[in-house]
Amino acid sequence: MKEDEKNPSISKTTSAIIVEEWNGSTSTKLTKTATISISSSSSSLSIQKSSNPFTHISGKILQAFIPEGFPNSVTPDYVPFQVWDLLQGLSTYVRMMLSTQALLSAIGVGEKSATVIGATFQWFLRDLSGMIGGILFTFYQGSNLDSNAKMWRLIADFMNDLGMLMDLLSPLLPSAFLFILCLGSLSRSFTGVASGATRAALTQHFALQDNAADISAKEGSQETVATMIGMAFGMLLARITNGHAIAIWISFLSLTIFHMYANYKAVSCLSLTTLNCERSSILLSHFFKTGQVLSPKQVSTMEHILPLWMTSWSPKSTLHKNVSLAKYLLLEKNGIVSIVVHKDSTAADILQSFIHALVMSKLAGEKRDVHMESELWIEKHYKIFISKLQSSGWKTERLLSPSIGWRAKWLLEASDDKAD
């Protein structure tokens with residue numbers, strides 16, 4: 001049913017024909033707007049309105065901010081995430097007025113000694129450093145943003161805070177002004193890339209009815225309102241604190257703390273249904289103990305949001321050749337398992353190889369033949385594990401992992417089970 005489509009319902013009695021008019025975007029969100037009665041004896045017509053004009057107008061306004069079919073067209077974590085996200089956006093635009101005011105002052109706006117060409121050149125270097133930084137960040141991390149959307153969302157906003165801090169510091173360090181200016185722009189360039197990429201991933205997560213475009217458009221409207229309100233409050237705060245450095249710094253730091261808190265609460269609300277390395281490990285550990293899988297909401301409370309650094313590659317290890325699967329090789333030493341992916345492996349093969357590596361790692365400390373034991377576990381339990389994941393709402397089409405830099409090709413020899 002199209003948005004605001006009129007849905008007449010006709011019922012006949014012995015004395016009259018009654019037509020009901022309903023208004024709404026989906027069958028679950030219809031509201032009766034009018035009842036039309038036609039008397040069969042006297043041919044008289046009566047119309048009774050069922051809703052007041054204010055309700056109709058408010059409904060029209062909400063349509064610019066709420067996805068069509070809401071709440072059934074989005075995931076349950078959409079509303080809490082948007083609330084916290086709008087609050088952090090509001091604090092960002094308030095602080096932006098303070099940092100922009102400081103930056104313009106450092107450039108020399110309002111001073112007779114400042115030249116137009118000098119300010120233009122400084123602004124050019126600022127933008128240039130940001131563009132180069134954005135390209136370099138995309139080159140090194142662009143393909144890894146999906147695998148840890150929550151973490152990169154937090155990092156993006158932290159880098160934005162750092163960029164604003166550089167702008168606010170710029171008038172205090174005139175000798176290093178250009179360096180600070182470019183550093184702030186570089187920080188914001190990371191924000192632009194990471195925030196845009198993770199937002200796209202989250203929009204796909206929220207879309208239950210293939211309505212990602214609609215959700216993205218409505219999110220844009222929400223952010224526009226937050227921007228206007230934030231800029232208004234920001235201008236008021238800048239006017240009040242103008243000339244009072246301590247008040248400016250207290251306001252900025254207080255809003256920055258709230259901004260990071262709101263961001264943390266926003267990503268904590270998310271119950272992502274895609275499988276990345278950490279979520280897969282949590283799910284498998286629980287399955288090992290109980291034979292059951294956790295729901296996305298349960299896993300969301302257990303996974304790490306802050307950045308984690310880990311190293312998993314060890315070149316001096318034993319090469320295990322899995323003849324029956326043939327699409328990956330596993331290398332294990334001291335409980336650390338590395339994966340070599342075949343050039344013809346699919347997304348499903350990569351997911352299975354990672355689960356197999358996790359199983360091997362868990363069995364490594366039990367002083368058994370981990371290669372044989374893990375392969376037997378995969379043959380017996382893997383399909384059951386995947387089936388239970390799907391039943392619990394997990395997407396098992398692929399593993400969201402850091403990009404695979406290279407793949408290998410090998411020839412299988414049934415007589416060889418191990419090679420150095």
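Here is a short walk through the structure, from the whole chain down to one residue.

The model is a predicted one, and its secondary structure amounts to eleven helices and ten strands. The protein has 420 residues, 39% of which count as buried. Its exposed surface comes to about 23,500 Å², with 63% supplied by carbon and sulfur atoms. If you look at contacts between residues at least 6 apart in sequence, 67% of them join residues at least 24 apart.

Let's move on to a pair of helices. Helix α4 covers residues 149–169 and helix α5 covers residues 177–206; their axes lie 8 Å apart and the packing angle is about 155 degrees. Angles over 145 degrees count as roughly antiparallel, and α4 and α5 are therefore roughly antiparallel to each other. The crossing of α4 past α5 is left-handed. On the α4 side, the residues that meet α5 include W152, M159, L162 and M166, while the α5 side contributes, among them, I180, L183, F190 and R199.

Leaving aside residues up to four places away in sequence, M231 touches Y93 and M97. R95 also belongs in this picture: 136 residues separate M231 and R95 along the chain, and their C-alpha atoms are 8.8 Å apart.

Definitions and conventions. Residues are numbered from 1 along each chain as its sequence is written. This is a predicted model: local features need pLDDT of at least 70, side-chain atom pairs count only at pLDDT 80 or more; totals for chains, interfaces and linings use all residues. Side-chain values use heavy atoms; hydrogens and water are left out. Axes are lines fitted to C-alpha atoms, for helices over the stretch in contact, and angles run from 0 to 180 degrees between N-to-C directions. Helices (H or I, at least four residues) and strands (E, at least two) are DSSP runs, numbered from the N terminus. Angles under 35 degrees count as roughly parallel, over 145 as roughly antiparallel, 65 to 115 as roughly perpendicular and the rest as oblique. A crossing is left-handed if the near helix is turned anticlockwise from the far one by less than a right angle, and right-handed if clockwise. Contact means heavy atoms within 4.5 Å. Buried means under 20% relative accessible area, exposed over 50%, partly exposed in between (1.4 Å probe, protein chains only). Accessible areas come from the Shrake-Rupley method with a 1.4 Å probe; for residues, only the protein chains shown count as cover.
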